[in-house]
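Dear colleague,

I am passing on a structure that I have been reading through, and below it you will find my notes on what turned up. Please keep the structure open beside the text while you read.

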Amino acid sequence: MAKLKTTYVCQNCGAVQSKWMGKCPECNQWNSLVEEVIEKQSSSKSSYNQNYIPKNTPVILSNVAGIETHRFETGIKELDQVLGGGIVKGSVVLIGGEPGIGKSTVILQVAGILNKKNKKVLYVSGEESPSQIRMRADRLNVTADNLELLTTTSFEDVLSATALKQYDYLIIDSIQTITSEEIISGGGAVGQIRHVTYRLVELAKSTGLTVFIIGQVTKDGNIAGPKVLEHLVDTVLYFEGDYSRGVRIIRSVKNRFGSTDEVGIFEMSQSGLIEAGDRAFFDKDSSQASGKVICPVLEGTRPFLIEIQALVAPTFFQYPKRNATGYDNNRLAMLIAILEKKGGLNLAGADVYLNIAGGIKINEPSADLAVCAALISSFKDKPVPYTMAFAGEVGLTGEIRSVSNIQGRINECSKFGVETLYANNKHEKSKNIKLVNVKNINDLLKL
């Protein structure tokens, strides 16, 4: 019998240590090391066996025939856009997000759509009972005539079910609950997650089975089991959003069959997740007040309008506050400094609060001009009409830089009744809306 060896694996970052420690030296997480037993391989003088027959041999890349990637559309346009146009056969898709954000809801809706299109789907649940899943399916109006359900935490049961019947799609909800008898550790451990995911990827590539894996996230926002899963699967999708408004955003973090810059916008309702599109972040009928500015931003290749809200108020503290929600605090501080230095605004004695409406987080520099406009509007207490929009990157010298895909932003503005777009794109022309060239911060202040 082979000799057993004990190692300690961090459940947060996956680092392996030879002895137990209270704090992981790699990620500095406390009490995250868990003991795992692995089988020590027998030693050999030579790692090469002359009698070994290789399964694969090197080939010339130019001699490899290319294949056309076939995609199957789910019917949910927002999800198909994030996936790059649809589901690729034999791919492994990982869906991560906080508990209760809608991962199981959207995957059950997808299962119902695939079932209607005569696809064989196996839904494996290790968290809920069949009656609970049936209740959710009835609430979502999901047709479950031929949708097969397996409630188990054993990975061997999943392999047995897929061996007895050929399925088109396999759904694992969630990966943290599935355990294999081949690994001596509890469910949710890094060793279990790594082994089960690797076997699922191996199953998908060998049989053409498409696998959806739901993964829970840690308090730091990473998928539990962390980066161990991301490099194994083909596509990684993250759920995020605002619980108060019910807005959900699906972002593609990794996609071997498409772009990683696409987003899908949904809204949570009693009947499940519905496609919200662009209206989720822009409410044209809301009351007009100072400090509210419209900005067309890009997520990947997709433009949509967002509402930037700013509040500039006198401070009663020694150091004024600078607080941003959905926007980078450091970039906000930089824009405030530019307005003070180049624009002459006295913001040193004021608290500044910035909020991106709808719970979305933006990192695109093209929102700089809109943020400055919102700060000026709140500081001077002058409302900005909803018929105006702003887009441009602000440099440290106060100049306004041009933005990419200006035509896409113009088209998006025209759909919502925006009449004037302020940007530094003097060579662009538009028949739909009026373009006003803004060269620097002083031009913005003159407005």
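**A patch on the surface**

Val-59, Leu-61 and Val-64 together form a nonpolar patch on the surface, with about 340 Å² of accessible area between them. Patches are made of residues with over 30% relative accessible area and no salt bridge, where like charges are joined within 9 Å and nonpolar side chains (Val, Leu, Ile, Met, Phe, Trp, Tyr) within 5 Å. A salt bridge, in turn, is a side-chain nitrogen of Lys or Arg within 4 Å of a carboxyl oxygen of Asp or Glu, and accessible areas come from the Shrake-Rupley method with a 1.4 Å probe, with only the protein chains shown counting as cover for residues. Val-59 is found in the loop between β3 (33-39) and β4 (71-72), and Val-59 counts as exposed because its relative accessible area is 64%; the classes are buried for under 20%, exposed for over 50%, and partly exposed in between (1.4 Å probe, protein chains only).

**What kind of model this is**

Please bear in mind that this is a predicted model, in which local features need pLDDT of at least 70 and side-chain atom pairs count only at pLDDT 80 or more, while totals for chains, interfaces and linings use all residues. Residues are numbered from 1 along each chain as its sequence is written, and side-chain values use heavy atoms, with hydrogens and water left out.

The mean pLDDT (the predictor's confidence in each residue, from 0 to 100) of the chain is 84, and 88% of its residues reach 70 or more. Over residues 40-46, however, pLDDT stays under 50, and there the model has three contacts beyond four places in sequence, a contact being heavy atoms within 4.5 Å.

**The chain as a whole**

The chain holds 10 helices and 23 strands, which are DSSP runs numbered from the N terminus (helices H or I, at least four residues; strands E, at least two). Of the 447 residues in the chain, 48% are buried, and the accessible surface comes to about 23000 Å², with 49% of it belonging to carbon and sulfur atoms.

**Strands and a helix that packs on them**

Strand β16 (residues 302-314) pairs in the antiparallel sense with β15 (residues 292-299) over eight bridges, and also in the antiparallel sense with β18 (residues 350-356) over seven bridges; two strands pair if DSSP finds at least two bridges between them.

Which elements do the buried residues of α9 pack against? They pack against β15, β16, β19 (388-390), β22 (420-423) and β23 (434-437). The buried residues of α9 (residues 406-415) are Ile-406, Gly-408, Arg-409, Ile-410, Glu-412 and Cys-413, and after this helix comes Gly-417, with a positive phi near 80 degrees.

**Backbone details in the loops**

The peptide bond from Asp-173 to Ser-174 is cis, with omega near 0 degrees, and Ser-174 is placed in the loop between β9 (169-173) and α5 (190-207).

Asn-28, a residue other than glycine, has a positive phi near 60 degrees; Asn-28 sits in the loop between β2 (16-17) and β3 and is partly exposed, at 47% relative accessible area. Asp-381, also other than glycine, has a positive phi near 55 degrees; Asp-381 belongs to the loop between α8 (368-380) and β19, and counts as exposed because its relative accessibility is 57%.
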